[in-house]
Amino acid sequence: MQSTLFRRVTAALTLLLVSGVSVASDWTERSNVNLRPGVTDISQDVFGLHVAILWVVSVIGLAVFGLIMYSAVAHRRSKRPQASTFHEHVGVEIAWTVIPFIILIFMAIPATRVLIAMDDSAESELTIKVTGYRWNWSYEYLTYQDDNDVGVFFFSNLKTPAEQYHTPVLKDGLFPYGTAADRFGAEPQEKDHDYMLAVDKPLILPAGVKVRFLVTADDVIHSFFMPDFAIKKDAIPGFVNEAWTVVPEDATGIYYGQCAELCGKNHAFMPIEVHVVAKEEFDTWLAEEKEKAASGPDLTPFSNLEAAMTLGKEKYNAACVLCHGAEGQGGIGLPFAGTALMNDSARIQENIDVLIKGRNAMPSFAAQLTPRDIAAVITYQRNAFGNETGDLIQPADVAK
Amino acid sequence: MTAVAAHHDHHDDHHHAPHGLKRWLFSTNHKDIGTLYLWFSFAMFMVGGFMALVIRAELMYPGMQVVDPEFFNQMTTVHGLIMVFGAVMPATVGLANWMIPLMIGAPDMALPRMNNWSFWILPFAFTILIGSVLMSAFGEGNPSAPNFGWTFYAPLSTKYGPASTDLFILSVHMMGISSIMGAINVIVTVLNMRAPGMTMMKMPLFVWAWLITAFLLVAVMPVLAGAVTMMLTDRHFGTSFFDAAGGGDPVLFQHIFWFFGHPEVYIMILPSFGIVSAIIPAFARKPLFGYASMVYATASIALLSFVVWAHHMFTVGMPLAGTLFFMYMTMLISVPTGVKVFNWVATMWRGSLTFELPMKWALAFVVLFTCGGLSGLMLALTPVDFQYHDTYFVVAHFHYVLVSGAIFSIFAAAYYWLPKWSGVMPNTFLGELHFWNSLLSVNLLFFPMHFVGLAGMPRRYADYALQFADYNWWISVGAFWFGISQLLFVAVCVLCAMKKGKKAEAAPWDGAEGLEWTVPSPAPFHTFDTPPVIK
């Protein structure tokens, strides 16, 4: 097995030698020192620009540093006790103003060309509205080819469980926020290879089809960043930005991205996972999703408390945990463990209302969770974290 | 005994010089106020540096180990604010206070009482800001300190800002008032108090750089004040400047902020250009190459800085024409910046070079600032900027220009002028240790940030995917190394303040020129009561 040092040296040499474009590897692999070429035509144009400008600045930089080094050695006092006295030279000064200017023009031309190409989102076949929230993304398939009302919509949450990232070293101490571990109490887990990147329900894209993203946000500014497609577009509340991509037909696979604009506490916890599949596979998937969406919410009652609790825990850990804590200890959101609202069976309706409509900083979850999910989450809240109401809420209670 | 007493009574013509606490609280003396600014900025540098170490401790390994993501965001925010407004800016104002009157042959700053006020606002402003962090760390219920990044984008800082945002707004207003008054003082001093014969084009480049910086400050600090005032009214008085739901525009905030913010980065770096333009000729024993072109380059950088602000926001979805304009203007700014670097190299060329501590720092500045400048040129290309933007590549870029740029030049200035300020030479052994440790660690700290940035690690992330892990470990090692190295500079400064060390002559650097070297070391409490004669 080769040592890491060897890999680093080869990576550095590749950086110096790279001139063409290699196929992007899985992003969860160890990072290289250079920019990722990505998989789309645009991302590879961008990579080409990057390599070109990197060469330009490296050559200029090395020339300047070389002159400084040479001067530092050759013109030191022990060699030259008497300094020259020149302090201007019109020719040289004009040269080092004009030559950089010319280099810049030669860089600006390809940059402008790529930028114009990136701006052209016309003739897309699939339009997806991407909405950023604190702290997840939702995807709504708006139009696909002749279908102007696709109506497939879902949220996408971080899949990495808290047991993998919550690994505090301080029990108490200077930084009070570190002590969440005490309240959390679970055994730390090994980190998965797609740690902090995988989501519960990825965005599915067809290969070889021009996809247009309409990017917006629900609360604060987020940024939709997909390095392998060379897309970074801010998601701004009240504004709709446009981005597009065509993933080549031979580049099906899994791609990851992340939120790139600070959006609050869990900015690092809202990744983007994209599965690019063959067009036929996409068509089948979309048809299924469309059918599911058309059939209305699933109101099958829970057969027992256990069934509701299992689903409730899953949904709670996806939708609620970031604010309310894995043990209902609260945080940005209110605590649930042992609170009056969670333990008073007369207040079940209030509990449901808050989840559906939101209250103060708590957003509405009516879009993100189905009535069945909501019933399960509320059942879970009222029977976990030491709460023992025994309340079993059924989807029909929520739907009314 | 009596002879000594009598001698004291009759000969001390500075008997009115104040002593003790009053000397500092009520000071109107440019040297004392300069000293206050410098110590204050150094203290803030250590506080902000400590926050950086909290950030790096958290990022050393993937996973949340040390602090909660919420506290992490407070650290990144307040680290940035303290370093920009508390460390770099007051340090350069301190240098201006000490050196501008000495360099132009003026007895003091033009507006000495305002000078006192502009300093003494700062400790209060930073007490308010740091107080919110202390409340967050130790207070009941841990009320959040400002947690929206030093750029405080709306609506994260308005509708979603913590209660302490109001403390932040007040604090920024106070810093702004301080900076504006400091800038006015510099402008008035330079334009009115030059010694006879000290024409504008004879002024040392440090004075020129600061004059231009002062105009930038007067132009843009009110813009920042406007931005935070709009935030305040959005938060409390029902306006919707930055809220789309009320007809406002979150992007407007970014335009206003960066209209301040871009000139602000030149406010931090132009004085450094002045410092380096003083030091390199001194140790090359050769006049500065292209003095006039340096002045024009500085002025054109300042002018261009007003028309490049939107390069910080290429991803907000500007129209193509706007994006192209800001890309071309940003690329253009590298021309005058390049001229300055070439001029420094040409100043060294065929000189008679020695490498005392100030020169070492100045050369490190030229090389590492150029690295930061070149990555800046890469960032100017909009299509590639979409990949670099808001990743660690940007973090690497601005730390190269600010830490190994602005702060290294401030160290250079300190080692260069400490003999004049304190009357003793800075300890060479400690100084060499400080230099070499800082030089090596700063590169271990910031160079791998380019790699994780290019690999796609977004900035302001409290936790990260596994592929970024090993470089982050090295970055954190570099950070702790750099942080600990700065304790050596504390020792250097304390020794100088205690007058421990080799006594400095009036002109300790044989190649240095300028009026400041014509007065004794340490510089007496009052200098140039009679204007010097400029040939």
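**Exercise 1.** State how many helices and strands chain B has, and decide how compact the chain is.

*Solution.* In this predicted model, chain B holds 16 helices and zero strands. The C-alpha trace of chain B spans about 80 × 55 × 40 Å along its principal axes. As for burial, 62% of the 535 residues of chain B count as buried.

**Exercise 2.** Describe the side of chain A that touches chain B.

*Solution.* Begin with the counts: 93 residues of chain A are in contact with 86 residues of chain B. Then find the contributing elements of chain A, those giving two or more residues: helix 2 (41–74), helix 3 (90–119), strand 6 (222–226), strand 7 (231–235) and strand 9 (253–259). Helix 3 of chain A gives the most, with 15 residues. Finally, sort this side of chain A by class: 52 residues are nonpolar, 25 polar and 16 charged.

**Exercise 3.** Determine how helix 7 and helix 11 of chain A are oriented to each other.

*Solution.* The axes of helix 7 (residues 305–319) and helix 11 (residues 371–383) of chain A come within 7 Å and cross at roughly 100 degrees. Angles of 65 to 115 degrees count as roughly perpendicular, and therefore these two helices of chain A are roughly perpendicular to each other. Residues making the contact include Leu305(A) and Tyr316(A) of helix 7 and Val377(A) and Tyr380(A) of helix 11. By class, the contact has nine nonpolar, three polar and three charged residues.

Notes
Residues are numbered from 1 along each chain as its sequence is written. Chains are lettered from A and ligands numbered from 1 in the order in which they are written. This is a predicted model: local features need pLDDT of at least 70, side-chain atom pairs count only at pLDDT 80 or more; totals for chains, interfaces and linings use all residues. Helices (H or I, at least four residues) and strands (E, at least two) are DSSP runs, numbered from the N terminus. A residue is buried if 20 or more other C-beta atoms lie within 10 Å of its own, exposed if 12 or fewer, and partly exposed in between; C-beta atoms are placed from the backbone. Two residues are in contact if their C-beta atoms, placed from the backbone, lie within 7 Å. Ala, Val, Leu, Ile, Met, Phe, Trp, Tyr, Cys and Pro count as nonpolar, Asp, Glu, Lys and Arg as charged, and the others, Gly among them, as polar. Axes are lines fitted to C-alpha atoms, for helices over the stretch in contact, and angles run from 0 to 180 degrees between N-to-C directions. Angles under 35 degrees count as roughly parallel, over 145 as roughly antiparallel, 65 to 115 as roughly perpendicular and the rest as oblique.
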